[in-house]
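Subject: Handing over the structure

Dear colleague,

I am passing this structure on to you, and I would be glad if you could look through it alongside the notes below.

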Amino acid sequence: MFAVSACQYEDLLPAEAPLPAALVQAIKSNGMGVKSPILVRLYKEESDLEVWKQKTDGTYALLKTYEICAWSGKLGPKKQEGDRQAPEGFYTVTPAQLNPNSNYHLALNMGYPNTYDRANGRTGSHLMIHGSCNSSGCYAMDDEQVQEIYSLARHSFEGGQRAFQIQAYPFRMTPKNMARHRNSEHYDFWKMLKKGSDYFEMTRQQPNVGVCDRRYVFDQSAETVAGLSATGACPDFSLPAQVVAKVEADHAEEEKIASSFSPSDFAETSTFSYRSGQPITPEAYAQEQHRREGYDREGNRVSGGGGGGGSIFSSFLK
């Protein structure tokens, strides 16, 4: 009877499911509150999704890292509707963006396109973090993972957080990774994202993100970034001194690493492309779908560990 009741409870109320006891214990042992604010960081190349939670001292600390089940496309930002690219950038999720009735168990709308995307003429809609293990531009998790993430978001809103930030990166923004990818057409875009990453790394505070001159800017003042024009000129302001120091030190280290690289040490640029509006072939689908080993496209475990081969970037990360 207990097994039947548990199954029915999970099927009927996935959006209201309680957090696992072990996760609640981890929250408390890390000086956090169950309903304290959260922040999400995504890394394509490593296929990681991190949930950070605010501690009693106001700073954020890492709560849990989830292995992304699937993401589609290649490294680089989403640019247009139908390109099957998963977004990169800084996004905001409000309570209205939680979808308890998703066809993929549960879903959180990332908020693409944001102000930066619109200022740069980028299009697209319904870009999600959702269940299942199949992506057409979203970040797909298995159902157990998305239920935890959804519940953490729900609790943070119940605690008074009006919106939480998603920081979506192509890879962990280390000097070595920046050196590896410096030949990419997206390198300047990634350098811009790294400033926001560095801000969070140094302050453990959510950066206030603004857009001016069609680029991201990060400032200590919410009032400063709120008054910016996305296509207008940027005013004179600077990052905190410790963030500037990290940006400069990391760039110097990147230059040093890059100078020691042989041509084969630089990351290869993917030649995969998908023409929006065209049926995707099985071969193209397999190439662009970075699926976790051991899972099928529905997010179910597959015996023998043959869930699609994993990310094409896995060889770089060993």
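What follows is an account of what was found, taken region by region.

Please keep in mind throughout that this is a predicted model.

As background, strands of a sheet pair through backbone hydrogen bonds, either parallel or antiparallel.

**Around β1 and β2**

The loop between β1 (38-43) and β2 (48-54) holds E45, a charged residue whose relative accessible area is 1%, so that it counts as buried. What does the side chain of E45 contact? It makes a polar contact of 3.2 Å with the side chain of R180, and a further polar contact, also given as 3.2 Å, joins the side chains of E45 and H181. D48, which belongs to strand β2, is buried as well, with a relative accessible area of 17%; because the cut-off for buried is under 20%, D48 falls within that class. The C-alpha atoms of D48 and Y66 are separated by 5.8 Å, although these two residues are 18 residues apart along the chain.

**Helix α4**

Helix α4 runs over residues 143-158, and its 16 residues should span 22 Å at 1.5 Å a residue, which agrees with the 22 Å that separates its end C-alpha atoms. The helix is mostly covered, since 13 of its 16 residues are buried. At the start of α4, a side-chain oxygen of D142 comes to within 3.1 Å of the backbone nitrogen of E144, while G160, which follows the helix, has a positive phi near 110°.

**The largest pocket**

The largest pocket contains about 490 Å³ of space. It is lined by 24 residues, of which K191, M192, K195, L239 and V247 are the closest to its centre. Two or more lining residues come from each of α5 (175-180), α6 (187-203), β12 (215-219) and α8 (241-260), and α6 gives the most, with 7 residues. Sorted by class, the lining of the largest pocket consists of 13 nonpolar, 2 polar and 9 charged residues.

**The second largest pocket**

The second largest pocket has a volume of about 390 Å³. Among the 22 residues that line it, those closest to its centre are F90, T92, N114, T115 and V209. The elements that give two or more residues to this lining are β5 (89-93), α3 (115-119), β10 (164-169), β11 (208-212) and α7 (222-226). By class, the lining of the second largest pocket divides into 14 nonpolar, 7 polar and 1 charged.

Strand β5 is mostly covered, with 4 of its 5 residues buried, and it pairs with β10 in the antiparallel sense over 5 bridges. Within that pairing, V93 stands opposite F164 in β10.

Strand β11 is joined to β12 by 5 bridges, and the two run antiparallel. They form a hairpin with 2 residues between them, and D213, which sits in the turn, has a positive phi of about 55°. N208 lies in β11 and has D219 in β12 as its bridge partner. Is N208 buried or partly exposed? Its relative accessibility is 22%, and N208 therefore counts as partly exposed. Finally, N208 and T224 are 16 residues apart in sequence, and the distance between their C-alpha atoms is 8.9 Å.

With best wishes

Terms used: Residues numbered from 1 in each chain as written. Predicted model: local features only at pLDDT ≥ 70, side-chain atom pairs only at ≥ 80, totals over all residues. Heavy atoms only, no water. Buried < 20%, exposed > 50% of the residue type's maximum accessible area, 1.4 Å probe, protein only. Polar contact = N/O pair within 3.5 Å; in protein donor to acceptor, adjacent residues only side chain to side chain. 1 Å grid on protein atoms, 1.4 Å probe; cavity = no way out; pocket = protein on both sides within 12 Å on 5 of 7 lines; lining within 4 Å. Points joined across faces, edges and corners; volume = space filled by probe spheres on them. Expected span 1.5 Å × (residues − 1). Pairing = 2+ DSSP bridges.
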